[in-house]
Amino acid sequence: EQEEALARVLDGLCRRGLAVVFIPLHFPADLEVSRRVAARMAEPAAVVSRALSVEEALSLFGCLHLCLGMRLHALVFAAVFNVPLVGLSYAPKVERFLARLDWRPPLPAGAFDFAALSREVEEVLAGHEAAREKLRLAVEPLKAQARLTPRLVRDLLTSRACPRGA
């Protein structure tokens, strides 16, 4: 089962000296799952037990060494900080985002096992610095596009194509 496989992989990370922190972004549903997986772990793990502001979540993601993420926002936050990631896909939007980064395809959230997840984590960790650089190069154009959005909206709202009161 996936929760058991995830717990075993996370235990392996703890034994390598990495701290495991569950960051539930879809509150409170993710909190329940996080607590269940943490309870299955043999090693200690931290679970953020309250909803975080965007600023708080971003500050946490900026400190990570690796992100195992299922939520699109978790993967986006990790990518913004060039944190190597392993995606678990529950929706096509996760697959599309990782493809846009030219990143490794995600594992299906409901159909991975210990061996597959462990292999993905090991491969990302083995090429950690190269993965950080690959993310940096992939994310820069996306950041530039994001900076254009407010100007595009302003231009649209002030153009004749958008009648007042629409």
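Reply: Here is a walk from the pocket to the core and then out to the loops. This is a predicted model, in which local features need pLDDT of at least 70 and side-chain atom pairs count only at pLDDT 80 or more, while totals for chains, interfaces and linings use all residues. Residues are numbered from 1 along each chain as its sequence is written, and side-chain values use heavy atoms, with hydrogens and water left out.

Lining it are 32 residues, and the closest to its centre are Leu-6, Val-21, Phe-22, Leu-68 and Gly-69. A pocket here is an open set of points on a 1 Å grid over the protein atoms alone, where a 1.4 Å probe fits, with protein on both sides within 12 Å along at least five of seven lines; lining residues have an atom within 4 Å of a point.

(Helices are DSSP runs of H or I with at least four residues, strands are runs of E with at least two, and both are numbered from the N terminus.) By class, the lining has 25 nonpolar, four polar and three charged residues. Ala, Val, Leu, Ile, Met, Phe, Trp, Tyr, Cys and Pro count as nonpolar, Asp, Glu, Lys and Arg as charged, and the others, Gly among them, as polar.

Now the packing. The largest nonpolar core has 23 residues, and those with the most contacts inside it are Leu-10, Phe-22, Met-41, Leu-66, Leu-117 and Val-121. Helix 1 gives the most to this core too, with seven residues. A nonpolar core means buried Ala, Val, Leu, Ile, Met, Phe, Trp, Tyr and Cys residues joined through side-chain atoms within 4.5 Å; buried is under 20% relative accessible area, exposed over 50%, and partly exposed in between, using a 1.4 Å probe and protein chains only. Leaving aside neighbours within four places in sequence, Leu-10 is in contact (heavy atoms within 4.5 Å) with Val-20, Phe-22, Val-37, Met-41 and Leu-68.

Helix 1 also holds Glu-3, which counts as buried because its relative accessibility is 18%. The side chains of Glu-3 and Arg-36 are joined by a polar contact of 2.6 Å, that is, a pair of N or O atoms within 3.5 Å where, within protein, one must be able to donate a hydrogen and the other to accept it, and residues adjacent in sequence count only if both atoms are side-chain atoms. Beyond four places in sequence, Glu-3 is in contact with Val-33, Arg-36, Val-37 and Arg-40.

Pro-28 lies in the one between strand 1 and helix 2, and the peptide bond joining Phe-27 and Pro-28 is cis, with omega about 5 degrees. Ala-45 sits between helix 2 and strand 2 (46-47), and is partly exposed because its relative accessible area is 29%. Beyond four places in sequence, Ala-45 is in contact with Val-20 and Phe-22.
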